[in-house]
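Trainee: I've got a new model open and I'd like to learn how to read it. Could you walk me through it?

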Amino acid sequence: MPDPLQPESTLHYLWYEFWYGVVLGTCTIGFSYRMEGRRNIPKDGPALLIANHESYIDPVLVGLVSPRHLYYLARKTIFKGLLGRFLPTVNTYPVDQEGVAKEGLKSMLALLHAGKPVLIFPEGQRSFDGVLQEFRPGVHLLIKKTEAPIIPVGIAGAHEALPRGRHLPIPTPSPIFLAPGKSTLAVSVGKPIDARRYRGMPRPDVLADLFQEVKKVQERAEELRRK
């Protein structure tokens, strides 16, 4: 298992790039994947990406829009068999529970302090209907302990492609020369937010502001989808 706190090896870099190409091609051809805001992700240094959570494929979709290799956390329960061996090779690491829990906070802080870009889902779990849910307080604790820029990310179409309760995506091939299906995908990345913006702000106000920032880019991603 690669150590996320150590410099990335050439082999690990090439392995990630290989799967990036495979997944990008699959999502583009199979789901008319579109993205914008790639330049809003800092080229170096720590970055805290926060996104809405519609589906198991959300980390993949955000990873495709990032010019850097992102780091993710996932529940230990999915680290089984071949999948459990594969996930750490693409920067996904296990925690005891989904969401920004105590163990996850420690892991993410270590990654941010090491200058890594990490992705979290402040809702703490996948939406049942694709509608953005209330943010959990863990993201506020994380922001208080790091000054990494906060990058809001909006995902659209993932609920239709792989809704909660399904184990395999709904295939709707829709390349540019065919009519789009119902589960086309899009990701929009917003402008970085300076973490100092939230200093001294009450937690409910921080969560409400972050919610609105993610909601805006989620709505923009919905507009971006091919329909």
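Mentor: Let's start with the whole chain and then zoom in on one strand. Keep in mind that this is a predicted model.

Trainee: What secondary structure does the protein chain come to, and in which order do the elements run?

Mentor: You get 7 helices and 7 strands. Starting at the N terminus, the order is α-β-β-α-β-α-β-α-β-α-β-α-β-α. The radius of gyration is 17 Å, close to the 17 Å from the globule rule for 227 residues, so the chain is as compact as a globular protein of that length.

Trainee: How much of the protein chain is buried?

Mentor: Buried residues account for 49% of the 227. As for contacts between residues at least 6 apart in sequence, 78% of them link residues at least 24 apart.

Trainee: Now the strand. How do I read the faces of one?

Mentor: In a regular strand, side chains alternate between the two faces of the sheet. Take E2, residues 47-51: Ala47, Leu49 and Ala51 sit on one side, Leu48 and Ile50 on the other, and all are buried. Buried here means under 20% relative accessible area. With 5 of its 5 residues buried, E2 is largely enclosed by the rest of the structure, so that's why both faces are covered.

Trainee: Which strands do bridges join to E2?

Mentor: E2 runs parallel to E5 (residues 117-120), with 4 bridges joining them. It is also parallel to E6 (residues 150-156), again through 4 bridges.

Key
Residues numbered from 1 in each chain as written. Predicted model: local features only at pLDDT ≥ 70, side-chain atom pairs only at ≥ 80, totals over all residues. Heavy atoms only, no water. Helix = DSSP H or I, 4+ residues; strand = E, 2+ residues; numbered from the N terminus. Rg over C-alpha atoms; globule rule 2.2 N^0.38 Å. Buried < 20%, exposed > 50% of the residue type's maximum accessible area, 1.4 Å probe, protein only. Contact = heavy atoms within 4.5 Å. Pairing = 2+ DSSP bridges.
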